[in-house]
Amino acid sequence: MSVFMDLNLTHTTDQNRLQALIETAAHLGYSAVAVNYVFEPMAKKKQEIPSPTPINELIDQLPIIQGRSRPIRVLNRLTVVMSDSGHFRPNAAEYRCFDLLAVQPTTEKLFHAACMMFDVDIISISVTEKLPFFFKRAPVNAVDRGVVFEVSYSAAIRDSTMRRYTIANAVSLMDSCKGKNVILSSAAEKPLELRGPYDITNLALLFGLSDGDAKEAVSTTCRSVVLHAETRKTASGIIYTTKSGSEQQEAPPTEGDAPAAKRARPHLTE
């Protein structure tokens with residue numbers, strides 16, 4: 001049975017709304033979700049990177065996944081919206097608090113830099129406006145490094161203009177990367193914007209994905225993102241062990257850590 005994931009639930013300070021988002025995702029059959037903290041640095045103003053709230057403070061008891069006997073897994077994610085190369089700091093200690101690290105470049109130069117160099121897990125594509133650049137061969141470099149591209153669909157639900165942008169940008173990306181290493185997420189701000197995994201696979205066909213790639217975009221490729229994030233942290237000398245879906249421990253690297261990290265990875269398939 002496939003393990004479906006939505007790696008982008010928009011963080012909100014409204015705890016009741018966030019709890020409702022997680023509960024709805026579990027009811028729709030998602031085995032794992034990521035609460036996304038969006039950080040958009042300002043040009044002339046110093047800002048602090050947000051710190052993720054522990055899951056046990058967001059929700060008292062994790063809901064059970066529809067049709068399964070275990071609770072949903074909740075991750076924390078940081079997305080850095082980049083309009084300048086200095087907005088992404090590769091070695092920032094604040095990044096280590098997050099399970100997943102993503103960037104959203106706003107220019108062609110930054111998009112190519114993210115594809116070729118940035119040590120991230122996800123490159124998020126803006127769908128709320130017409131992109132000021134075209135996708136070229138850069139995605140090939142990102143695919144080779146295990147980085148995935150993300151297209152979110154909730155904006156298409158909110159507004160007809162954004163729907164056109166979402167479809168146009170998604171189709172352009174799929175033409176460039178041939179539908180490989182792509183994930184589809186919601187970026188939902190409220191429960192009504194969430195859709196079930198099979199609804200999303202149907203939407204993916206509209207974006208130009210094949211049946212197989214559409215299913216992988218909400219399952220297998222998402223799982224690869226989580227494993228890539230764990231490997232990235234291990235490579236940087238930080239090993240995280242997840243306990244009860246929320247607690248994290250940090251241990252110093254020792255010889256032979258890389259194989260150990262692989263053995264410690266949670267099983268996301270059944």
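The residues that line the largest pocket of this predicted model divide into six nonpolar, ten polar and four charged, where Ala, Val, Leu, Ile, Met, Phe, Trp, Tyr, Cys and Pro count as nonpolar, Asp, Glu, Lys and Arg as charged, and the others, Gly among them, as polar. The lining comprises 20 residues, and Asn8, Val38, Gln104, Thr128 and Ala187 are those that lie nearest the centre of the pocket. Two or more lining residues come from each of strand S1 (4-10), S2, S3, strand S6 (148-152) and helix H5 (154-158). The space in this largest pocket amounts to about 350 Å³. A pocket is defined on a 1 Å grid over the protein atoms alone, as an open set of points where a 1.4 Å probe fits, with protein on both sides within 12 Å along at least five of seven lines, and lining residues have an atom within 4 Å of a point. Grid points are joined across faces, edges and corners, and the volume is the space filled by probe spheres set on the points.

Because this is a predicted model, local features need pLDDT of at least 70 and side-chain atom pairs count only at pLDDT 80 or more, whereas totals for chains, interfaces and linings use all residues. Residues are numbered from 1 along each chain as its sequence is written, and side-chain values use heavy atoms, with hydrogens and water left out.

The chain has ten helices and nine strands, these being DSSP runs numbered from the N terminus (helices, H or I, at least four residues; strands, E, at least two). Of its 270 residues, 50% count as buried, a term that means under 20% relative accessible area, with exposed meaning over 50% and partly exposed in between (1.4 Å probe, protein chains only). The chain exposes about 13400 Å², of which carbon and sulfur atoms supply 51%; accessible areas come from the Shrake-Rupley method with a 1.4 Å probe. Among contacts (heavy atoms within 4.5 Å) between residues at least 6 apart in sequence, 72% join residues at least 24 apart.

Strand S3 (residues 73-82) is largely enclosed by the rest of the structure, because ten of its ten residues are buried. Arg73, Leu75, Arg77, Thr79 and Val81 point one way from S3, while Val74, Asn76, Leu78, Val80 and Met82 point the other way, and all are buried. Strand S2 (residues 30-39) runs parallel to S3 and is joined to it by eight bridges, two strands being taken to pair if DSSP finds at least two bridges between them. Within this pairing, leucine 75 of S3 is the bridge partner of alanine 34. S3 also pairs in the parallel sense with strand S4 (residues 100-105), over six bridges, and the partner of methionine 82 in S4 is proline 105.

Asparagine 76, which lies in strand S3, is buried, with a relative accessible area of 9%. Apart from neighbours within four places in sequence, asparagine 76 is in contact with Val35, Tyr37, Pro52, Thr53, Ile55, Phe98, Asp99 and Leu100. The C-alpha atoms of asparagine 76 and histidine 11 are separated by 9.4 Å, although these residues are 65 residues apart along the chain.

Strand S6 is likewise buried in five of its five residues, so it is largely enclosed by the rest of the structure. Val148, Glu150 and Ser152 cover one side of S6 and Phe149 and Val151 the other, and all are buried. Strand S5 (residues 122-124) pairs with S6 in the parallel sense over three bridges, with valine 148 as the bridge partner of isoleucine 122. S6 and S7 pair in the parallel sense over four bridges, and leucine 184 in S7 is the bridge partner of valine 151.

For comparison, most residues other than glycine have a negative phi. Asparagine 181, in the loop between helix H6 (160-177) and strand S7 (182-185), has a positive phi, near 55°, and is partly exposed, with a relative accessible area of 23%. Alanine 187, in the loop between S7 and helix H7 (197-206), also has a positive phi near 55°, but is buried, with a relative accessible area of 16%.
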